[in-house]
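Please examine the sequence and the structure shown below. A report on selected structural elements is then given.

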Amino acid sequence: MDGIGIVGAGIAGLHLGLLLRRHGVPVTIYSDRTPEQLAAGRMLNSVAHHHATVERERELGVDHWDAEEYYYFGHHHYLGGPQPLVFPGFFTAPSRAIDYRIYLPRLLEDFVARGGEFDVRPVQAADVTLLSERHELVVIASGRGTMSAMFPRRADKSPYDTPQRKLCVGLYEGVAPSEPRGVTMSVAPGHGELLEIPIYSAAGHVTALLFENVPGGDLEVLAELGYDEDPAGFEKVVLEKARQHHPATFERIDPARFRLTGPLDLLQGGVLPSVREDYARLPNGRYVVALGDAHVVVDPVIGQGANCASYSAWELGRTILEDPNFDERFCRKVADRRRNRVHATADWTNLMIRTPPPPHLLRMFGAMAQHREIADEFTENFSWPDRQWDILATPERVERYLARHGAI
């Protein structure tokens, strides 16, 4: 048997593969795209890595973007309405956002240099049983095509049947960074959110604008408007919608310089939040484990998807190293180890996209605007979503938390 087989070359598959290679475990990563195709393709996402993920990258020896120029240091909040709330929150250690067309090929280079096998070929669900005869364990780290359907969707953790936001994210020039450098999280009640993210791409240091648009709201058009036919017209609409709904970002835009950095630097669509079972039994009696998008898909409104995938890969890798008996007990141990944080990530994200927002979440935001230590703890917990969910899970928990901080 040939070590561990990983289907998918995203952050989950790569972090798992690099961790196992660090300990001498044979690993093959399967991908339907070469590093060159990943680098030259359409924008994959606008993800940020929070400092818990950055620390795992340091341990893996892939901390290639450790200069201050790549970091940002907190969040700037703008909650619109008759009396807007404007307040910052800061991390204890910085986050960063690197275009995955730079990030993934660089980590693939590391993986191969450390003796990992990289096999470029499409893999479908029908191929997995055959792969399981080659490898001691197969991990499905990609939700593309038919792969995620191998793992039943959990209704108790997947409350939505349709995407709750229509998304439009692009990389732009002409947006001055916030001071201190951070992500601006702007909320337009009834219409959606804007995440303004300082990101490093092939065009250098630019700005990702991720519009999270409520279906039926005034901003929904951004998810449906074509770019290729009329780039200037598209940019004009984006500028106008930012002016109307997200003034904290608009005030730092230079209209004369504002433009998308390229036709491939735009994504539009929707995400259906889902949590799936941790593993599945194949017809031959062997087991496969779900990881990354094959396991959990969250709306990107709070930027947790990649961080959750990295954490999950780390826990799976540690279990492989500690107990390489790939039976159902092994699979249950993996599920137990990652359940609390992974489920908290999904629950917290689903709370943030509820429309209208629940009163206890609004109460929390109001307290953050008045109490710097609450805003800082909320912001720091982007690295610790289980701690965040300990606070936000119920109205009673929020009330007790605010009482402890003298915010009632």
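## Basis and conventions

This is a predicted model, in which local features need pLDDT of at least 70 and side-chain atom pairs count only at pLDDT 80 or more, while totals for chains, interfaces and linings use all residues. Residues are numbered from 1 along each chain as its sequence is written, and side-chain values use heavy atoms, with hydrogens and water left out.

Helices (H or I, at least four residues) and strands (E, at least two) are DSSP runs numbered from the N terminus. Axes are lines fitted to C-alpha atoms, for helices over the stretch in contact, and angles run from 0 to 180 degrees between N-to-C directions.

Strand β15 (residues 287–290) runs parallel to strand β6 (residues 137–140), and three bridges join them. V288 in β15 is the bridge partner of V138, and A290 in β15 stands opposite I140. Three bridges also join β15 to β14, but these two strands run antiparallel; here V288 is the bridge partner of A280. β14 and β15 form a hairpin with five residues between them, and G285 in the turn has a positive phi of about 90°. Both faces of β15 are covered, since Y287 and V289 on one side and V288 and A290 on the other are all buried (under 20% relative accessible area, with exposed meaning over 50% and partly exposed in between, for a 1.4 Å probe and protein chains only).

## Helix α1 and its neighbours

The axes of α1 and helix α4 (residues 100–113) come within 10 Å and cross at roughly 25°. The two helices are therefore roughly parallel to each other (angles under 35 degrees; over 145 counts as roughly antiparallel, 65 to 115 as roughly perpendicular and the rest as oblique).

α1 passes α4 in a left-handed crossing, that is, with the near helix turned anticlockwise from the far one by less than a right angle; clockwise is right-handed. In this contact (heavy atoms within 4.5 Å), I11, L14, H15, G17, L18 and R21 in α1 meet Y100, Y103, L104, L107, L108, D110 and F111 in α4. By class, there are nine nonpolar, two polar and two charged residues, where Ala, Val, Leu, Ile, Met, Phe, Trp, Tyr, Cys and Pro count as nonpolar, Asp, Glu, Lys and Arg as charged, and the others, Gly among them, as polar.

## The α8–α9 pair

Helix α8 (residues 305–322) and helix α9 (residues 328–352) have axes that come within 9 Å and cross at roughly 160°. That makes α8 roughly antiparallel to α9. Their crossing is right-handed. Residues making the contact include Y311, L316 and I320 of α8 and F330, V334 and V342 of α9. The classes represented are seven nonpolar, three polar and seven charged residues.

## Local features

Helix α3 (residues 51–60) is mostly covered, with seven of its ten residues buried. Just after α3, G61 takes a positive phi of about 75°.

Q83 is placed in the loop between β3 (71–79) and β4 (85–96). This residue, Q83, is exposed, with a relative accessible area of 71%.

Note on methods:
Two strands pair if DSSP finds at least two bridges between them.
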